[in-house]
Amino acid sequence: MSIQVADDKKIIIKVPLGTPTFLAENFIREKKDWITKQLEKVEKQSELADSMGPLTDEDIRQIKKKARVVIPQRVEYYAKLAGISYNKIFIRLQKSRWGSCSVDGNLNFNCLLVLMPPEILDSVVVHELCHRRHMNHSKEFYDEVLRIFPDYKRCNKWLKQNGGVYFKRIEK
Ligand SMILES: [Zn+2]
């Protein structure tokens, strides 16, 4: 059984076919505190996004301009530091992800990263660069990430908690 709280506050519960109702109900009851916490988080993020207002086309133009200067610099810095090669860097406005790495070594980054504290951008850069060595999220992959960027766990947690606000600001 699994449970998920979506950005629109929908609660999605997945139960294997044939599970007795009482077991599903128990599961939901057990997860009540977690659900409440997730709903509060979604609510807080949308309030914060509302208070900051949506990003205008001009805002996004400026953000992209900055990102196309800053992100390649950070990629080059960490690539050199770790001795990792890469192909091309693409910077786009994306609505659901922060970065990705393709099999042919191209790196994609979300321009919104430049609105965040600099160490958050760095943590995403290091994550994608390490996919050049490990195309998965194995222990070996994370060992490599932590070796290059010891503060990774804290930054990743920050991104998980606060990243949604940035996506909300481009939803309009
Ligand atoms: Zn990854």
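## Zinc site

The donor residues of the zinc ion follow the sequence spacing H-x3-H-x5-H. They are His-127, His-131 and His-137, each coordinating the ion through NE2, at 2.0 to 2.1 Å. Donors here are N, O and S atoms within 2.8 Å of the metal (3.2 Å for Na, K and Ca); water is not among the atoms, so sites may look incomplete. His-131 counts as buried, at 9% relative accessibility. Buried means under 20% relative accessible area, exposed over 50%, and partly exposed in between, with a 1.4 Å probe and protein chains only.

## Basis of the model

This is a predicted model, in which local features need pLDDT of at least 70 and side-chain atom pairs count only at pLDDT 80 or more, while totals for chains, interfaces and linings use all residues. Residues are numbered from 1 along each chain as its sequence is written, and side-chain values use heavy atoms, with hydrogens and water left out.

## Strands around S5

Helices (H or I, at least four residues) and strands (E, at least two) are DSSP runs, numbered from the N terminus. Two strands pair if DSSP finds at least two bridges between them. Strand S3 (residues 89–92) runs parallel to S5 and is joined to S5 by 4 bridges. Strand S4 (residues 99–101) runs antiparallel to S5, with 3 bridges. Phe-109 of S5 takes part on both sides: Ile-91 is its bridge partner, and Gly-99 stands opposite Phe-109 as well.

The hairpin of S4 and S5 has 5 residues between the strands, and Gly-105 there takes a positive phi near 85°. Along S5, Leu-107 and Phe-109 point one way, Asn-108 and Asn-110 point the other way, and all are buried.

## Nonpolar cores

A nonpolar core is a set of buried Ala, Val, Leu, Ile, Met, Phe, Trp, Tyr and Cys residues joined through side-chain atoms within 4.5 Å. The largest one has 39 residues, of which Ile-71, Trp-98, Phe-109 and Leu-129 touch the most other members. At least two residues of this core come from each of helix H3 (57–82), strand S5 (107–110), helix H4 (118–130), helix H5 (139–148) and helix H6 (152–168). H3 gives the most, with 8 residues. Another core lies apart from it and has 5 residues, among them Ile-3, Val-5, Ile-35 and Val-42.

Contact means heavy atoms within 4.5 Å. Leaving aside neighbours within four places in sequence, Trp-98 is in contact with residues including Phe-109, Leu-112, Val-124, Leu-159 and Phe-167. Gln-94 is found in the loop between S3 and S4 and is buried, with a relative accessible area of 16%. Not counting residues up to four places away in sequence, Gln-94 touches Phe-109, Asn-110, Leu-112, Phe-167 and Ile-170.

## Cysteines

A disulfide is a pair of cysteine sulfur atoms within 2.5 Å, and by this rule the count is 0. For Cys-111, the nearest cysteine sulfur is that of Cys-101, 19 Å away. For Cys-155, the nearest is that of Cys-130, 14 Å away. Cys-111 is buried, with a relative accessible area of 0%, and Cys-155 is buried with a value of 0%.

## Domain record

In an unreviewed entry, UniProt lists residues 1–46 and 63–162 for "domain: YgjP-like metallopeptidase". UniProt positions are given in the numbering used here, feature names are shortened, and annotations may be inferred rather than shown by experiment. Residues 1–46 are 54% helix and 17% strand, and their end C-alpha atoms lie 28 Å apart. Residues 63–162 are 54% helix and 11% strand, with end C-alpha atoms 18 Å apart.
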